[in-house]
Amino acid sequence: MIKKISSWFLIFLSALLTVFLTFSIEVKWNLEEKQIVSYLQDADISFLMDSYNGVQSELYQNVLKYLEAINVPEETMEEVLNSESTKKFVGKYLANVFDYLIYQKEDLSITKEEVLKLVEDNLKVISSSLQAKGLSLSEEEQAQILKYATDYSNQILEFFPTAEQIITKLLDKDTVVFSKITLEDFTSFLRFITDPFIFSEVFILLLLFLMILFFINRGKRCFYFKKYFFFYALILVFGEILLGTVVKEQFMNRVAHAAAFINYMINEISKNLWIVILLAIFISFVLSKIERKGFKNEKISTELCEGNGEESNGRGNEE
């Protein structure tokens, strides 16, 4: 009885720890610069240029000032913003902001080389956009844009503030993110679950629990481990439902002008979770089949042994 209670307790704790590790990996993965860039590349980020509550975003104002300074036509701005090179640039920019906000890493500023490359890569986009409007961009004008971009390379930080400047100006530690959870609480939680030391400790503890579960249940390992994977999948399902409904709705309402992008990003995260959920359910199903097969073989073996014993007894009586 004690072994059974202990086994169920280990299953419950192991499932919770595995969910913690899954969430930690998911957060860490989605905050990587590469992943942020991939989200931006597959989505329309023109909302970054839209006004919100009647006020144009600081990014819009900064980009507009910079484009005007290097003589880029304003009518090409939306196309430039949604170009692949710009999305890579914005992805790195946002990754720096997230790193500073959550992990409090060293604040990295945009370099003049990165901005010059951004301008060079967008010259074709600017030219194509103007052609679609019946205009053109001559080689002399392209050279002039590059010259202005070079001339203004020393004033880059005025157009593209550092992560620390953005967060200090736009965010407050007491800003409520969800219900009564403040921004400070939220970032502290993310910092905790993605801490390499915490991750290692939880992983070691999970391995210990699973080893104990394995060794104390000889003959019933498949039964308990299928329950472990099932509970793990079940908790993830509830988490995914919460993410795709309440959490998504809250963020979409708070940042209404970016609702389409938030919806897209959370849907992409949900896809990853569903892959893990289906994998866990599949493993649970396989273990269940192995358990049934083992039980069937054991039953057949027992019947054969009993049959042999009866036959031997019968022959002995006849003799």
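Residues are numbered from 1 along each chain as its sequence is written, and side-chain values use heavy atoms, with hydrogens and water left out. Because the model is predicted, local features need pLDDT of at least 70 and side-chain atom pairs count only at pLDDT 80 or more, while totals for chains, interfaces and linings use all residues.

Let's start with the whole chain. The protein chain has 13 helices and 4 strands; these are DSSP runs numbered from the N terminus, with helices being H or I of at least four residues and strands being E of at least two. Of its 319 residues, 36% count as buried, meaning under 20% relative accessible area with a 1.4 Å probe, protein chains only. Among contacts (heavy atoms within 4.5 Å) with a separation of 6 or more, 79% join residues 24 or more positions apart.

How far can you trust the coordinates? The average pLDDT, the predictor's confidence in each residue from 0 to 100, is 78, and 79% of the residues score at least 70. Confidence is highest in helix 11 (residues 196–215), at a mean of 94, and lowest in strand 2 (residues 55–56), at 46. Where pLDDT is low, the predicted coordinates should not be read in detail.

Now to helix 10 (residues 183–193) and its partner helix 1 (residues 2–30): their axes come within 9 Å and cross at roughly 105°. Axes here are lines fitted to C-alpha atoms, for helices over the stretch in contact, with angles from 0 to 180 degrees between N-to-C directions. That makes helix 1 roughly perpendicular to helix 10, a label for angles of 65 to 115 degrees. Phe20, Phe23, Ser24 and Val27 of helix 1 touch Phe189, Leu190, Phe192 and Ile193 of helix 10.

Helix 5 also meets helix 10, with axes that come within 8 Å and cross at roughly 95°, so this pair is roughly perpendicular too. Here Leu101, Ile102 and Tyr103 in helix 5 meet Leu183, Thr187, Leu190 and Arg191 in helix 10.

Finally, look at Ser83, in the loop between helix 4 (77–81) and helix 5 (84–103). Ser83 is buried, with a relative accessible area of 7%. Its side chain makes a polar contact with the side chain of Thr86 (2.8 Å); such a contact is a pair of N or O atoms within 3.5 Å, where within protein one must be able to donate a hydrogen and the other to accept it, and residues adjacent in sequence count only if both atoms are side-chain atoms. Leaving aside neighbours within four places in sequence, Ser83 is in contact with Asn122 and Val125.

Terms used: Buried < 20%, exposed > 50% of the residue type's maximum accessible area, 1.4 Å probe, protein only. Parallel < 35°, antiparallel > 145°, perpendicular 65-115°, else oblique.
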